[in-house]
Amino acid sequence: MIQQQQEACIAAAKAGAEVLLGYFRKLDPASVSEKSKNDLVSEADRKSEAVVKAELARHFPGYRFLGEETGDSGGEGELRWIVDPLDGTLNFVQGLPHWCISVALWDAQGGLAGCIYDPLRQDLFVAARGQGAFWNGQPMAVSRQPGLDGAFLATGFAWQLGSRFQAYNQALCAVFPRAMGIRRAGSAALDLAHTACGIYDGYFEHGLKQWDMAAGVILVQEAGGLITDWQGGAGWMESGSLVAGNPAVQPELVAAIQP
Ligand code: LIP
């Protein structure tokens, strides 16, 4: 069954990608609006979610669906798709070639299967519980960087952080002198996928939504990495405060960002 569920994730992500490639750098500015200040949505986000949702329902009609643009479908079952039809919307709207589609399946125990697809690079990242993680069909693993000192990190700080930016900035100031380099690329899902495949040694961000994290955390965990909230606990899916990394870097990153 998990094989079919994973194939559904991949088919849906690729269906969304086809739609998004048709809009990229051809988006009608009139189709872009703000859900709240500086939090954009476009016709591309909505169309991608519509085809992803239809594709998943074609494979598994009874499952619940939670999408960034259409919300929670509701329903009794414990199996739930969690979808970001376009992660990196601001990049996409601005024409910056760094965005992806994120599709995950969760049950009562947590992440079951996940897929992140970057169609511009044709990078397909997939993982399923207990099945390992794969990058374009090849097994992938987190990096072997031995600690925070000299690590290559990713992070994010959205305008919506508002007053929470101060706490974030304190953490950044604590990490900056120790890391070799820090990148803010604008897609949490790709930050997690690139941590799972060992490009980044760690990643930290506040203010994330479930759909930003749901597939990426499965990739990192199945690739041998650790995921916690900023206090080192398991509340990241609820709080949206997440720290990811290889088993050497992640705990040191958590320790470094403590107020
Ligand atoms: C984005 C995340 C990014 C975060 C942005 C936004 P979206 O998701 O991927 O890491 O900093 O605020 O949440 O809105 O492009 O799906």
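Trainee: Okay, what order do the strands of the open sheet come in?
Mentor: Keep in mind that this is a predicted model. The open sheet has 8 strands, in the order E4-E3-E5-E6-E7-E8-E9-E10, and the pairing is mixed.

Trainee: And which are the edge strands?
Mentor: Strand E4 (71-72) and strand E10 (138-139), each of which pairs on one side only.

Trainee: How many bridges join E8 to E9?
Mentor: There are 4, between strand E8 (residues 123-128) and strand E9 (residues 132-135), and the two run antiparallel. As a landmark, look for Phe125, which stands opposite Trp135 in E9.

Trainee: Switching to helices. Which strands does H1 lie across?
Mentor: H1 lies across strand E5 (80-87), strand E6 (100-107), strand E7 (110-118) and E8, and it runs at about 35° to E7. H2 lies across strand E3 (64-67), E4, E5 and E6, at about 150° to E5.

Trainee: What's the angle between H1 and H2 where they pack?
Mentor: About 155°, with the axes of helix H1 (residues 2-23) and helix H2 (residues 43-59) 8 Å apart. Anything over 145 degrees counts as roughly antiparallel, so that's what H1 is relative to H2. Their crossing is right-handed.

Trainee: Which residues make the contact?
Mentor: On the H1 side they include Ala8, Ala12, Gly16 and Tyr23, and on the H2 side Glu43, Lys47, Val51 and His59 are among them. The contact residues divide into 12 nonpolar, 3 polar and 3 charged.

Trainee: What is Ser102 in contact with, leaving aside its neighbours within four places in sequence?
Mentor: Ile82, Val83, Asp84, Cys115, Ile116, Ala189, Trp211 and Ala215.

Trainee: Last one, where is Ala248 found?
Mentor: In the loop between strand E15 (242-245) and helix H9 (249-256). Ala248 is partly exposed, as its relative accessible area is 27%.

Trainee: And what does Ala248 contact, again leaving aside neighbours within four places?
Mentor: Gln145, Pro146 and Gly147. Have a look at Leu148 too: it is 100 residues from Ala248 along the chain, and their C-alpha atoms are separated by 7.7 Å.

Technical notes:
Residues are numbered from 1 along each chain as its sequence is written. This is a predicted model: local features need pLDDT of at least 70, side-chain atom pairs count only at pLDDT 80 or more; totals for chains, interfaces and linings use all residues. Side-chain values use heavy atoms; hydrogens and water are left out. Axes are lines fitted to C-alpha atoms, for helices over the stretch in contact, and angles run from 0 to 180 degrees between N-to-C directions. Angles under 35 degrees count as roughly parallel, over 145 as roughly antiparallel, 65 to 115 as roughly perpendicular and the rest as oblique. A crossing is left-handed if the near helix is turned anticlockwise from the far one by less than a right angle, and right-handed if clockwise. Contact means heavy atoms within 4.5 Å. Ala, Val, Leu, Ile, Met, Phe, Trp, Tyr, Cys and Pro count as nonpolar, Asp, Glu, Lys and Arg as charged, and the others, Gly among them, as polar. Two strands pair if DSSP finds at least two bridges between them. Buried means under 20% relative accessible area, exposed over 50%, partly exposed in between (1.4 Å probe, protein chains only).
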